[in-house]
Amino acid sequence: MKDDAYIENLFRKIAVHDSREAFKELFFEFYPALCVFAQRYVNDPEASEDIVQETFLKVWKNRKTIDIRLSFRNFLLTSVRNSCTDYLRKESVTTRYTPDQVEQPHASMSPEDFYTLGELETRLRQALEKLSSDVREVFEMNRFNGLTYREIATRLELSPKTIEARMSKALKTLRHELKDYYPLLLLLCVHINAMRNLLPG
């Protein structure tokens, strides 16, 4: 797991050495969780992604002058939160949002509750370890290997209903363990592939 000192070092490489590799690594680490964070304010996945992408573009453009007072993690949260608030204010003009929603958006998130991609992967592994071996096997065959319930049933010589019951149990446990990050973690590989197309050349 990458700690804050490692993250701060990456940002220094960006600011001092104009390192695109460091920028890409930070982007991969923070983009998924920031999208989840933004959606707590803006109930629109596409708008949330746009806000996060714009935040990273500003980081790169202003890398020489950004003043990090607490931590880079805190800086990103504050930047995205401010952008979400600006977005809501603009949308309120078209009556999609009420003034109360702009001033009091969804519950905020502290830096301690905000995870990078590496930290999310760790939490997923920890959550999977809490599943029984037979339930975990079915989950991994479906989510990691892309097998259908019927294909899994055939391989394990079990009924499709048994596979469905095990998957339901796995998802219920993971939903409890991962809370806000549950939808993101189940689509982790999809997000990683999508992010490769968003990075500057």
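User: Which residues have the most contacts inside the largest nonpolar core?
Analyst: Quick terms for this predicted model: a nonpolar core is a set of buried Ala, Val, Leu, Ile, Met, Phe, Trp, Tyr and Cys residues joined through side-chain atoms within 4.5 Å. Buried means under 20% relative accessible area, exposed is over 50%, and partly exposed is in between (1.4 Å probe, protein chains only). The largest such core has 31 residues, and Leu26, Phe30, Leu34, Val42, Phe56 and Phe72 have the most contacts inside it.

User: Which helices supply at least two residues of that core?
Analyst: Helix H1 (4-17), H2, helix H3 (45-61) and H4 each do. Ten residues come from H2, the largest share. Helices (H or I, at least four residues) and strands (E, at least two) are DSSP runs numbered from the N terminus.

User: Ok, what does Leu26 touch?
Analyst: If you skip residues up to four places away in sequence, Leu26 touches Ile7, Leu10, Phe11, Ile14, Phe56 and Phe72. There's also a second, separate core of 17 residues, which includes Leu131, Ala153, Leu174 and Leu178. Contact means heavy atoms within 4.5 Å.

User: What are the ground rules for the numbers?
Analyst: As it's a predicted model, local features need pLDDT of at least 70 and side-chain atom pairs count only at pLDDT 80 or more, while totals for chains, interfaces and linings use all residues. Residues are numbered from 1 along each chain as its sequence is written, and side-chain values use heavy atoms, with hydrogens and water left out.

User: New topic: how many aromatic pairs are there?
Analyst: Rings of Phe, Tyr and Trp (its six-membered ring) pair if their centres lie within 6.5 Å; planes under 30 degrees apart are stacked, over 60 edge-to-face, and the rest tilted. That rule gives eight aromatic pairs. One of them is Phe27 with Tyr31, stacked at 4.9 Å centre to centre with 20° between the planes.

User: Where do Phe27 and Tyr31 lie?
Analyst: Both are in helix H2 (residues 20-39), four residues apart, about one turn of the helix. Phe27 counts as buried because its relative accessibility is 3%, and Tyr31 is buried with a relative accessible area of 3%. Phe30 and Phe72 make an edge-to-face pair, 5.9 Å centre to centre and 70° between the planes. That pair links distant parts of the chain, with Phe30 in helix H2 and Phe72 in helix H4 (residues 72-92), 42 residues apart.

User: Which residues form the aromatic cluster?
Analyst: Phe23, Phe27, Tyr31, Phe56 and Trp60 form one cluster. The charged end of Arg63 sits over the ring of Trp60, 4.0 Å from its centre. For "over", NZ of Lys or CZ of Arg must be within 6 Å of the ring centre and within 35 degrees of the ring normal.

User: Switching to H9: which residues are buried there?
Analyst: Ile163, Met167, Ala170, Leu171, Leu174 and Leu178. Looking down the axis of H9, these buried residues fall within an arc of 100°, so they line one face of the helix. The arc is that of the directions from the helix axis to the C-beta atoms.

User: And what's on the face turned away from the buried side of H9?
Analyst: The exposed residues Lys161, Lys169, Lys172 and His176. Just after H9, Lys179 takes a positive phi of about 50°.

User: Last one: is Leu158 buried or partly exposed?
Analyst: Leu158 is partly exposed, because its relative accessible area is 30%. Leu158 lies in the loop between helix H8 (149-156) and H9. Leaving aside neighbours within four places in sequence, Leu158 is in contact with Ala153, Ile163 and Arg166.
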